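Open the model in a viewer and follow the stops below in order. Each stop says what to select and what is there.

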Amino acid sequence: MRASWTLSLLSLAAAASALRYVGVDWSSVQVEEAAGVTYTTSSGEAKPLEQILADSGVNTVRQRVWVNPSSGEYNLDYNIEIAKRAQAAGMDIYIDLHLSDTWADPAHQDIPSGWPTDVENLSWKLYNYTLDVSNTLAAEGINPAIISVGNEIRGGLLWPVGHYDNPGNIATLLHSGCAGVRDSNLNPPPKIMLHLDNGWDWSLQEWFYSTVLGHGSLVLDDFDMMGVSFYPFYDQQATLSSLRTSLANMRSTWGKEVLVVETNWPTSCPSPQYPFPSDVASIPFSPDGQVAYVQSVADAVTSAGGVGLFYWEPAWVNNQALGSSCESNTMFEWPGTALSSLSVFSSL
C-alpha cells in the first residue's frame, strides 16, 4: 500500500537563533519507502524527502550506522545510498556510529557479533572499523561534516568491556575510535563527536567526561564536539534552563562545540508516562507546539554558545511515537493533513 504524507513549508516571521547545524535524523527514509510511503508537500506535490527537507531549511541530516544488522537496514551500504541523496540535495551529512549490530542507547551497548571481547583487541578492532568506515565514505565521494563515535554512551560503549564501571576501558576505546576517523582519507576531516543522553543533567556530563578523561587514554585533542540528547517527556527535571546551564558548563569546562543532536515534541500525548518539565508545560501538543518547542530549544542552545540542533526522525511515519509514551512526535500526519512544524528549520 502506498501512503502519501504531507508537510507544510510555511515561513516563520522571525529567526529564533543562528545555528551552524540545523538538522534532522532521517535514518529510516528507505525503510519507509520500502513500505510504500511517499512524501508530498502541503500543496500535494510528490517530492523525495531530501528535497522537502532541504527546501524547509534543513542543512544537515543525521544517519545511524549499525555494524552488521541482520536485515541490512541501517548498515554502511544503506547509509551510503541515502547520504548520496542528501548530498545531491545540498545537505551535509552527520554519521552516527552506534558501534553495535542494533540500537545503542543507555540501556543497550552490545559488542557487534564476531568482535573481540578483551580491551586490547577490541580497541584495535574499533580503530580499524572507524578507519574503514571513514575510508569507504571517502572513496564513495561522501565527506561527512560530523562523525559521532558512539551513541548515547553515558553508560559506556561496547559492553561489557566498556561498561561505565570500567572508565579506563571507555577511555581506551574512545581514543581508538576517534583515531580511526582522524587517520582516514576524509578531507576535509569531519568534526568528531562524543554523544551522551540527558543533556540537561550537568552532574552526569561532568562525571562522565571528568572520569573518562581522567584516565589519560582519551585526551581533549581526540574529539571536537560534545553532543547531547534532550527529551522533555522522560524526566520532569529536563528543563530548558537546565539544558542551557549544562551546555554552557560543558563548553566552558572543556572548550568543545556543543549541540543537541536528538530532541522532539509531540502533536498528541494523552497519557504521558512522566510529568513534563515546568518550563515547557504550557507548550501545546500540536504542530504549533512543535514550532514553539524547537524554537525554545534552539534559543537555549544558542544562549549557551552551542552550534546545532537535530530533530529525531520527524518523517518516520510508521513509528510516530518514536519510542516515547506520546502517540505522535513526527512532523507528518496521516492521512494527508499538512503540519506546519517543519517550517521552523528555516528560522534556525
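Buried means under 20% relative accessible area, exposed over 50%, and partly exposed in between, with a 1.4 Å probe and protein chains only. The model is predicted, so local features need pLDDT of at least 70 and side-chain atom pairs pLDDT 80 or more, while totals for chains, interfaces and linings use all residues. Residues are numbered from 1 along each chain as its sequence is written, and side-chain values use heavy atoms, leaving out hydrogens and water.

**Stop 1: the disulfide**

Select Cys 269 and Cys 326. Their sulfur atoms are 2.1 Å apart and form a disulfide (a pair of cysteine sulfur atoms within 2.5 Å). The structure holds one disulfide. Cys 269 sits in the loop between strand 9 (257-262) and helix 8 (287-303), and Cys 326 in the segment after strand 10 (308-312), so the bond ties together parts 57 residues apart in sequence. Helices (H or I, at least four residues) and strands (E, at least two) are DSSP runs, numbered from the N terminus. Look along the S-S bond: its torsion is about -60 degrees, so the disulfide is left-handed. Are these two cysteines buried or exposed? Both Cys 269 and Cys 326 are buried.

**Stop 2: another cysteine**

Select Cys 178. With a relative accessible area of 1%, Cys 178 is buried.

**Stop 3: Thr 102**

Move to the loop between strand 5 (92-97) and helix 4 (119-139), where Thr 102 is placed. Thr 102 is partly exposed, at a relative accessible area of 34%.

**Stop 4: the whole chain**

Zoom out and colour by secondary structure. The chain has eight helices and ten strands. Its radius of gyration is 19 Å, close to the 20 Å that the globule rule gives for 348 residues, so the chain is as compact as a globular protein of that length. The radius is taken over C-alpha atoms, and the rule is 2.2 Å times the number of residues to the power 0.38. Along the principal axes, the C-alpha atoms fill a box of roughly 55 × 40 × 35 Å.

Of the 348 residues, 58% count as buried. Among contacts (heavy atoms within 4.5 Å) between residues at least 6 apart in sequence, 78% join residues at least 24 apart.
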